[in-house]
Amino acid sequence: MSEPEEELQGEKRESTKKKKKEKRSGKKKKKEEEEEEEEEEEQSECVSESVVLRGIFKLGKKSHDVLLTRTKLSWTPILPETPTAGEVCVVQPDMVLLQDVFAVKVKRRRGIGQQSGGPVLGMALFCCKRRGRWLEEDTLHLHNASSEHTHTWYNTLKELLTGFSSRPRYLKVFINPSSHKKDAVHIYREHVAPLFKMAEIRTDITVTERKGHALSVMKECKLDEYDGVVCVGGDGSVAELCHALVLRAQLDADSPEKPVKPVLPLGIIPAGSTDVVSCSVHGVRDPVTAALHIVLGHLQQVDMCSFSSLGQLVRFGFSAMFGFGGRSLARAEKKRWMPSSRRREYALVKTLARLRPEDCQLSFLPVKKSNRDFFHDQDQDPESEGEESWTTNQGLYLSISIMSIPCLSPHTPQGLAPNTSLANGSAALIAVGDTTRSEFIKHLKRYSSSSGQFSFSFVETHAVSAVRIRPRSLIGWSEEDSEDEGESKTTPIIQSQGAAFPWNIDGELVEISHEVVVRVHPRLITLYGEEVDEAESNVSCSCI
């Protein structure tokens with residue numbers, strides 16, 4: 001290689017080295033800038049999250065540096081100083097958010113039979129721990145023998161916990177002792193009452209004696225004394241109390257025409273056979289999970305529907321089924337002596353064996369996507385839209401369902417109406433047209449699987465703000481019912497004159513002779529819980 005070539009190669013190498021050095025320098029500078037930004041963010045966070053208390057407690061056998069801010073409590077183990085040079089061990093602190101803490105107690109050493117007093121041992125924080133959709137009780141023990149130190153922390157924590165305004169202090173509780181396996185009282189005493197006591201929630205309990213008892217109590221009692229209402233029972237009890245809360249709000253506001261949002265939220269402790277509403281706001285059928293949602297004040301606004309006929313209110317509720325759903329419930333109600341699972345399977349098989357469509361006029365007001373936000377903020381009367389906005393179809397339908405919530409349950413983990421949510425200002429209309437029995441069974445089976453129940457040509461779904469169903473003939477339920485061997489007719493909740501059609505409204509049998517108008521009322525009621533996409537499934541149905 002000639003001398004000029006060598007010089008050229010050397011210049012190239014120097015240039016490459018210079019570029020690499022500049023690149024490394026740029027990366028280093030960028031890293032330093034990022035670190036500075038992170039440090040600034042941490043400093044600003046420290047300013048906004050100023051330390052309220054700092055102290056030393058033992059957790060287990062190790063001493064920890066414990067910090068308390070207005071939103072969280074964190075602790076870091078205190079490591080012994082090491083004189084030898086080496087890497088600094090950085091320990092990340094553990095933490096619990098105060099929004100997950102529902103009680104704090106002073107721990108004392110007491111002898112056998114001693115009811116009060118005793119030397120202070122420290123504090124116990126009772127927290128809520130999440131495991132998927134399940135909420136579980138957990139306890140954090142902080143040990144410190146100093147009475148003054150412990151009480152300072154105890155009083156500060158108590159003061160901070162009282163800042164959560166959505167947490168109830170006094171609850172009106174209704175227990176239905178006849179629901180499902182008749183263990184509602186046991187469920188409340190064993191799983192719910194201890195948590196309420198721990199959180200220092202006072203309760204006024206009514207054990208219902210008959211259908212409609214909770215409604216009559218709600219009409220008369222002084223609701224301004226309470227922070228919330230709790231129902232321990234199945235879907236029927238929940239439906240009655242939701243209806244009662246909205247009715248009472250109407251009475252108090254002197255608003256007979258327009259539904260009024262109740263002031264008090266409703267908590268649901270599941271004690272029924274399906275617990276559709278509870279599953280829709282909790283994701284699981286678990287009394288502890290439900291109780292912790294109440295204790296921690298987790299509030300979820302929920303859409304409701306009003307069901308009326310001939311201008312008269314029938315009831316408020318979340319879901320209704322006409323056709324197959326109404327007829328199968330009417331059959332199940334005649335077999336109340338059967339276990340709930342057998343009764344359900346019997347009714348499904350019997351109704352499928354005598355499957356026949358209803359000839360009716362189906363009208364609905366579709367909700368356009370651009371109008372979804374409008375329904376969040378206003379409770380518009382669908383009639384004001386004018387007749388021209390209604391879509392009307394005349395035909396044969398095996399099943400028509402209207403649902404303002406997803407209706408999750410262990411039998412249908414993604415819900416009977418997976419396309420709707422708790423507070424989107426609309427209801428899901430699912431209309432199943434006339435088809436063969438085998439195709440209808442395929443449609444039903446897909447509710448318990450992942451999806452595909454609406455992919456049939458005879459199934460149509462719509463997001464709606466109102467629905468009107470007008471049966472073309474008033475043959476009604478009584479004619480077909482006479483085919484059942486000597487079975488007496490079930491007394492429905494709503495009595496009708498003449499022939500009537502069975503409706504399944506929130507799991508309750510309602511017989512109505514004339515057309516039914518269903519209207520969606522956005523965010524009409526507040527429930528203790530949260531938005532849930534899917535319920536946990538641990539039940540299988542082998543009847544079809």
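## Ring cluster

Rings of Phe, Tyr and Trp (its six-membered ring) count as a pair if their centres lie within 6.5 Å. In this predicted model, ring pairs join F322, F501 and W503 into a cluster.

## Aromatic pairs

The structure holds eight aromatic pairs. One of them is formed by F57 and W153. F57 is buried, with a relative accessible area of 1%. W153 is also buried, at 1% relative accessibility.

Y170 and Y226 make a tilted pair. Here the centres are 4.9 Å apart and the planes stand at 50°. Y170 lies in strand 8 (residues 170-175). Y226 sits in the loop between helix 4 (213-220) and strand 10 (228-233). The pair therefore ties together parts that are 56 residues apart in sequence. Y170 is buried, with a relative accessible area of 15%. Y226 counts as buried at 7% relative accessibility.

## Charges over rings

Two contacts place a charged residue over a ring. The charged end of R167 sits over the ring of F164, 4.3 Å from the ring centre. K172 lies over the face of F174, at 5.3 Å from the ring centre.

## Cysteines

The structure holds zero disulfides. A disulfide is a covalent bond between the sulfur atoms of two cysteines. The cut-off for a pair of cysteine sulfur atoms is 2.5 Å. The sulfur of C128 is 8.7 Å from the closest cysteine sulfur, which belongs to C127, so the distance is too far for a bond. C242 is in no disulfide either. For C242 the nearest cysteine sulfur is that of C231, 7.9 Å away.

Are these two cysteines buried or exposed? C128 is buried, with a relative accessible area of 9%. C242 counts as buried, at 1% relative accessibility.

## Helix 8

Helix 8 spans residues 324-333 and is mostly covered. How many of its residues are buried? Ten of its ten residues are.

How values were computed
Residues are numbered from 1 along each chain as its sequence is written. This is a predicted model: local features need pLDDT of at least 70, side-chain atom pairs count only at pLDDT 80 or more; totals for chains, interfaces and linings use all residues. Side-chain values use heavy atoms; hydrogens and water are left out. Buried means under 20% relative accessible area, exposed over 50%, partly exposed in between (1.4 Å probe, protein chains only). Helices (H or I, at least four residues) and strands (E, at least two) are DSSP runs, numbered from the N terminus. Rings of Phe, Tyr and Trp (its six-membered ring) pair if their centres lie within 6.5 Å; planes under 30 degrees apart count as stacked, over 60 as edge-to-face and the rest as tilted. A charge sits over a ring if NZ of Lys or CZ of Arg is within 6 Å of the ring centre and within 35 degrees of the ring normal.
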